[in-house]
Structure formats: structure tokens, C-alpha cells
Amino acid sequence: MFDVLVYLYETYWRPDACPDSAQLARKLTAVGFENDEIQEALNWLEGLAAAGEAYHGEQSPHALRVYSAAEVEHLGEASIGFISFLESAGVLPGAMREMVIDRAMAIGGNAMDLEDLKIIVLMVFWSLGEEPDALILDELFVAPEDRLIH
């Protein structure tokens, strides 16, 4: 599913540039994605669109996010740490954080891989028509061992 999401991000600038679900499914099939993978991605994107409709402005600067036991188990320390990093850097407001957590929790399985969470973060920005700044894009795309330290 994550390969489909990355393909959509790279192919379409905004979600409103995507064709309708049926046509998009045909295009993804033609590109070579498996039907199960396509359906899973399209269902996930529907949930993302629904979460985006609930996206509203700012949250109090004194608000504190407490993760449930299920969230801690599913997201894992690395993913929660990354979300906290984005929040502290001022690039992931509370409402967007909640969208990221919602979409991460919608993914089945055990502890979330940090690279998969980064794709989710990228898709949340994409779904809202927002472009993360260059430093955050670097954080989302470049593996730590490939970074040049100046």
C-alpha cells in the first residue's frame, strides 16, 4: 500500500488532481500495482479525506497529547519521537498530528515502521494541499546514513 501512496504523491501534486477512484484504480493497475494493494490504498485515502474534513485550525499552546496504550504499542517509540520532533519544530500542528495518528492507527499490524510513518506524514501534508518546508522534506526522504554533515 505504501508504494501506491508514494506513487500518488510523486504523480499528483494535490489530491484534487487525482482522477475519481475507479479511473485511478485502472491507472494504478496499468502501472503495475496489485489489486489488493490498490484497494487498500484507496480505502486508506478515503479515511484520510474524512480526517481532512475534520481538520480545524489551531489547538491551545498549553495542550498536551497523551498517547493511549494501544497507540504507544502500535506506533512505537521511534514514531512517537518523530511526531514529537515535528511538533516541536512547529511544522505539525495539533490537528495534523491527530490526522497522522488516526491514519497510522488505521494501518493493521504490529509496531509501525518509522519509514511508513514518514509516508503517512507526507500524505497528510499532501491531502491538505500543503508543502512541507525543505528541511522537513529532507527529514522525510533522506535516510540518516545518507545525510551530509557540514
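Helices here are DSSP runs (H or I, at least four residues), numbered from the N terminus. My model is a predicted one, where local features need pLDDT of at least 70, side-chain atom pairs count only at pLDDT 80 or more, and totals for chains, interfaces and linings use all residues. Residues are numbered from 1 along each chain as its sequence is written, and side-chain values use heavy atoms, with hydrogens and water left out.

**Entry one: a histidine**

I found His74 in helix 4. Is His74 buried or exposed? His74 is buried, at a relative accessible area of 8% (buried means under 20%, exposed over 50%, partly exposed in between, with a 1.4 Å probe and protein chains only).

**Entry two: helix 4 and helix 6**

I looked up helix 4 (residues 69–88) and helix 6 (residues 114–127), which pack at about 35° with their axes 9 Å apart. Axes are lines fitted to C-alpha atoms, for helices over the stretch in contact, and angles run from 0 to 180 degrees between N-to-C directions. On the helix 4 side, I noted Leu75 and Phe82 among the residues in contact, and on the helix 6 side Leu117 and Lys118 are included (contact means heavy atoms within 4.5 Å).

Which residues meet here? I listed Val4, Tyr7 and Leu8 from helix 1, meeting Leu24, Leu28 and Val31 from helix 2.
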